[in-house]
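The report covers a metal site, some charged pairs, a surface patch and a few backbone features.

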Amino acid sequence: MPQHFYIYGPPGSGKSTLGQALAGQLGLPFTDLDAAIEQAAGRPVRELFAAEGEPAFRVREAEQLRLAVASAPESVIALGGGALLDPASRTLAEQSGRILFLETPPAVLEARTGAQPGVRPLLTGRGHAARTPLAELLERRAAHYASFPLRLDAGHDRLEEKLAQAQIRLGAFRIRGMGRQETDVRVGAGLLDSLGRRLRAAGWTGASLVVADTNTADPYGQAAVDAIRQAGVAATLLTIPAGEVHKRLETLARLWQGCLEAGIDRGGTVVAVGGGVVGDLAGFAAATWMRGVRWIGVPTTLLAMVDSSLGGKTAIDLPAGKNLVGAFHPPALVLADTRTLQTLPVAERRCGLAEAVKHGVIADPGLLAAIEALPGNGAATCGDALVARAMAVKIAVIQQDPYEKGIRAALNLGHTLGHAVELASGFTLRHGEAVAIGLVAEARLAERLGLAAEPGLSDRLARLLARLGLPVEIPPGLDREALRRALLLDKKNEAGTIRFALPIRIGEIRTRVAVDPAVAIG
Ligand SMILES: NC(=O)c1ccc[n+]([C@@H]2O[C@H](COP(=O)([O-])OP(=O)(O)OC[C@H]3O[C@@H](n4cnc5c(N)ncnc54)[C@H](O)[C@@H]3O)[C@@H](O)[C@H]2O)c1
Ligand SMILES: [Zn+2]
């Protein structure tokens, strides 16, 4: 089934402008339904409306909608202001994609449409009279317009902001700037089923190797293989043992062997179905096999969705330390199927929430507030909107600084102390748990150094993370000397000092702050 992104709303809500911008950003075909109708009929919409009346116009509109839906597997379609009044058209749109409704206050609509009297079919009056038909139209369609659950505040003129919000609502992004490889990102429940169709649509029909671990192979790895085969593309499943200890050379060698046996050539595709361990390993195998083949990430942990699948870093561990051997090799596609989170153990979900909290602190106060509003102790599944919102922060940072020359270092928030605690604990703490401890410790450090501009941030983070069921204090039994040594191993260190990314306030991180290890541990 095709996947389209529909932009809908009353006249003057800015559907065409936003639709066009969104299509450009995502690199997708764009249809402006009114323009398509005009082109097909050879007459302006206003004339058609006047000459034929509304019912005949709706027939033309429905026909053009069917043509647009069939013209591409995935596209952006800006609808006319009444296009989904027709029940069949509405069903078609709902079944073939997502509908984003642009919510705009009547006064703004009046101002926008009043500026061009006569252009829009249902607003044919002039001056003062033009207001009445719009108000009347809005009243008549109030229940209809209110019935679209996916909504965007479109009452302002900041197109960039609307574009950013639209991508989050629709769960669709394209990351540019990481070398020649652009990464398309899609977020939503059930997306795994679309994997094969997407391979075919992109022309990636060479043999594929699906890599999963013992926890994700059944059912997700197998579902990926089935979806790919259904699209007529060869697929082989390779299952590796689960766990960080297997993110090592021996497993990588098995993946290379798997590439060989599956017949992966330069046109082939490696598909990683699992958490960050599978992604890092399969991504690194793809980076090195035949000097680099395409790979697709299908993250199945919250942490992998909001963090590790984005950004292009791939790696394996050595006995001497984590991620010591790696490559920068962005995936061509990241398909975050949020349905997979239903089977994720609670402890793993909490780890992903720790990274999402980090993203809130870096750039999105609303995201932080949304996590604070989650009920209970981190056990509840968080919705698609929250996942996409947390992803959007990392995506925005990467876009600004693909090669980590500046602002991208902000993503290390909580990770300098976090990694050291993780290492010093002998990996008895999970990564996300160590990050929770690191976030609180680094906020306190910023406060001790007099850098913090927002009183109480460390307490706020500690309260939130603890309620989510995460540890927030460096374990008292942890060997301080081991922690100090671990800090000195950090990849960001320069000339013997440790470089921190520290929170000044929510939305502002200072990077490359040099701190003495003794001060850092406190
Ligand atoms: N490349 C990067 O930029 C980047 C960024 C952050 C973290 N990482 C790496 O990511 C790794 C951590 O990722 P992670 O937390 O996803 O760990 P993980 O891959 O080990 O997954 C955690 C556990 O959950 C299981 N699991 C995964 N999906 C499941 C599902 N849907 N249902 C049930 N069980 C499931 C896994 O088998 C595993 O036991 C680390 O190796 C870290 O270094 C990489
Ligand atoms: Zn992390």
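The text below starts with conventions and then takes the sites in turn.

This is a predicted model, in which local features need pLDDT of at least 70, side-chain atom pairs count only at pLDDT 80 or more, and totals for chains, interfaces and linings use all residues. Residues are numbered from 1 along each chain as its sequence is written, chains are lettered from A and ligands numbered from 1 in the order in which they are written, and side-chain values use heavy atoms, with hydrogens and water left out.

## The zinc site

Three residues coordinate the zinc ion (ligand 2): Glu355 through OE, His415 through NE2 and His431 through NE2. The distances run from 2.0 to 2.2 Å. Donors here are N, O and S atoms within 2.8 Å of the metal (3.2 Å for Na, K and Ca); water is not among the atoms, so sites may look incomplete. Along the chain, the donor spacing reads E-x59-H-x15-H. His415 lies in helix H17 (residues 415-424) and His431 in helix H18 (residues 431-448), so the pair ties together parts that are 16 residues apart in sequence. Helices (H or I, at least four residues) and strands (E, at least two) are DSSP runs, numbered from the N terminus.

Burial is judged by relative accessible area: under 20% is buried, over 50% is exposed, and partly exposed is in between (1.4 Å probe, protein chains only). His415 is buried at 6%. Glu355 is buried too, with a relative accessible area of 0%.

## Salt bridges

A salt bridge is a side-chain nitrogen of Lys or Arg within 4 Å of a carboxyl oxygen of Asp or Glu. By this rule there are 32 salt bridges.

| Pair | N to O distance |
|---|---|
| Glu94 and Arg90 | 2.9 Å |
| Arg158 and Glu161 | 2.8 Å |
| Glu355 and Lys358 | 3.5 Å |

Glu94 and Arg90 both sit in helix H4 (residues 87-95). They are four residues apart, about one turn of the helix. Glu94 is partly exposed at 41%, whereas Arg90 is buried at 18%.

The zinc donor Glu355 pairs with Lys358. Both belong to helix H14 (residues 346-363), and because they are three residues apart there, about one helical turn separates them. Lys358 is buried, at 2% relative accessibility. Elsewhere, salt bridges with shared partners join Glu244, Lys247, Asp280, Asp317, Lys322 and Glu422 into one network.

## Around His156

Where does His156 lie? His156 is in the loop between strand E5 (151-153) and helix H8 (159-170). Its relative accessible area is 11%, so His156 is buried. A polar atom of the His156 side chain lies 3.0 Å from the backbone nitrogen of Arg158.

Which residues touch His156, leaving aside neighbours within four places in sequence? They are Arg112, Glu161 and Lys162. Contact means heavy atoms within 4.5 Å.

Glu161 also meets Arg158 in a salt bridge.

## A nonpolar surface patch

Leu318, Leu324 and Val325 form a nonpolar patch on the surface. Together they have about 220 Å² of accessible area. Patches are made of residues with over 30% relative accessible area and no salt bridge; like charges are joined within 9 Å, nonpolar side chains (Val, Leu, Ile, Met, Phe, Trp, Tyr) within 5 Å. Accessible areas come from the Shrake-Rupley method with a 1.4 Å probe, and for residues, only the protein chains shown count as cover. Val325 is found in strand E13 (residues 321-328).

## Backbone features

A cis peptide bond links Asp218 and Pro219, with omega about 10 degrees. Pro219 falls in helix H10 (residues 217-230).

Met290 is not a glycine, yet its phi is positive, near 50 degrees. Met290 lies in the loop between helix H12 (276-288) and strand E11 (294-299). At 38% relative accessibility, Met290 is partly exposed.

Phe427, also not a glycine, has a positive phi of about 65 degrees. Phe427 sits in the loop between H17 and H18, the helices that hold His415 and His431. Phe427 is partly exposed, at 36%.

Note on methods
Polar contact = N/O pair within 3.5 Å; in protein donor to acceptor, adjacent residues only side chain to side chain.
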